[in-house]
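Here are my notes on the model you sent over.

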There are 2 protein chains.
Amino acid sequence: MEDHLLTSFGTHLKSLRLERSFSQEQLAFKADMDRTYVSGIERGQRNVSLINIFKLAEALDIPAKQLLDFTVEGSL
Amino acid sequence: MEDHLLTSFGTHLKSLRLERSFSQEQLAFKADMDRTYVSGIERGQRNVSLINIFKLAEALDIPAKQLLDFTVEGSL
């Protein structure tokens, strides 16, 4: 159940990143994170914290709530 | 900076909880969390994870993005 959530969030983050033509490296740098951490998030392997969600939102220049504006594939 | 975020999130969670006349105990039970953890979140002392944000949203019967729909008091 929770895997669906992390995977859906990762897919959503990747689409937001690509919409802005950012590489993972660029997003990681802007969000003050390691590239491998961003890569892990996008692969649904990281249960991101509130602070990191806000850092990613700031890096993408979007409101944090938009980062949670996605549908969880499969059951939650 | 990050303290403002956690404190603002905690204040927001508390107002959403009280709007529904839930006690911390009731919210914790519905979200499958310990009451002391919910108390810690509301006091701005927990950097909540994505999975727990979704559990809280489901317990409050709101979309997860609404849990991040708040203004961070002070600078971010």
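1. A quick word on terms before the details: contact here means heavy atoms within 4.5 Å. Also keep in mind that this is a predicted model.

2. Let's start between the chains. Which residues of α1(A) and α4(B) meet? From α1(A) they are Glu2(A), Leu5(A), Leu6(A) and Phe9(A). Across from them, α4(B) brings Leu50(B), Ile51(B), Phe54(B) and Lys55(B). Sorted by class, this contact has six nonpolar residues, two charged ones and no polar ones.

3. Now the geometry of that pair. The handedness of the crossing between α1(A) and α4(B) is right-handed.

4. Next, the pairing of α4(A) with α1(B). Here helix α4 of chain A (residues 50-60) packs against helix α1 of chain B (residues 2-19) at an angle of about 110°, and the axes are 10 Å apart. That angle makes α4(A) roughly perpendicular to α1(B). On the α4(A) side the contact residues are Leu50(A), Ile51(A), Phe54(A) and Lys55(A), while α1(B) supplies Glu2(B), Leu5(B), Leu6(B) and Phe9(B). The tally by class is six nonpolar, two charged and no polar residues. The crossing of α4(A) and α1(B) is right-handed.

5. How are the two chains related? A rotation of 180°, with 0.0 Å of shift along its axis, puts chain B on chain A with an RMSD of 0.0 Å. The two copies are therefore related as by a two-fold rotation axis. Both copies use the same surface, as 100% of the contact residues of chain B recur in chain A.

6. Within chain B, have a look at α1(B) and α4(B). Their axes come within 11 Å and cross at roughly 20°. Angles under 35 degrees count as roughly parallel, so α1(B) is roughly parallel to α4(B). The residues in contact are Phe9(B), Leu13(B), Leu16(B) and Arg17(B) from α1(B), with Ile53(B), Leu56(B) and Leu60(B) from α4(B). Six of the residues in this contact are nonpolar and one is charged, with no polar ones. The crossing of α1(B) past α4(B) is left-handed.

7. Last, the annotation. UniProt, in an unreviewed entry, lists residues 13-67 of chain A as "domain: HTH cro/C1-type". In the model, that stretch of chain A is 67% helix and 0% strand.

Conventions: Residues numbered from 1 in each chain as written. Chains lettered and ligands numbered in written order. Predicted model: local features only at pLDDT ≥ 70, side-chain atom pairs only at ≥ 80, totals over all residues. Heavy atoms only, no water. Axes fitted to C-alpha atoms, helices over the stretch in contact; angles between N-to-C directions. Helix = DSSP H or I, 4+ residues; strand = E, 2+ residues; numbered from the N terminus. Parallel < 35°, antiparallel > 145°, perpendicular 65-115°, else oblique. Left-handed = near helix turned anticlockwise from the far one by under 90°. Nonpolar A, V, L, I, M, F, W, Y, C, P; charged D, E, K, R; others polar. UniProt positions renumbered as here; feature names shortened; annotations may be inferred. Least-squares fit on C-alpha atoms with pLDDT ≥ 70 in both.
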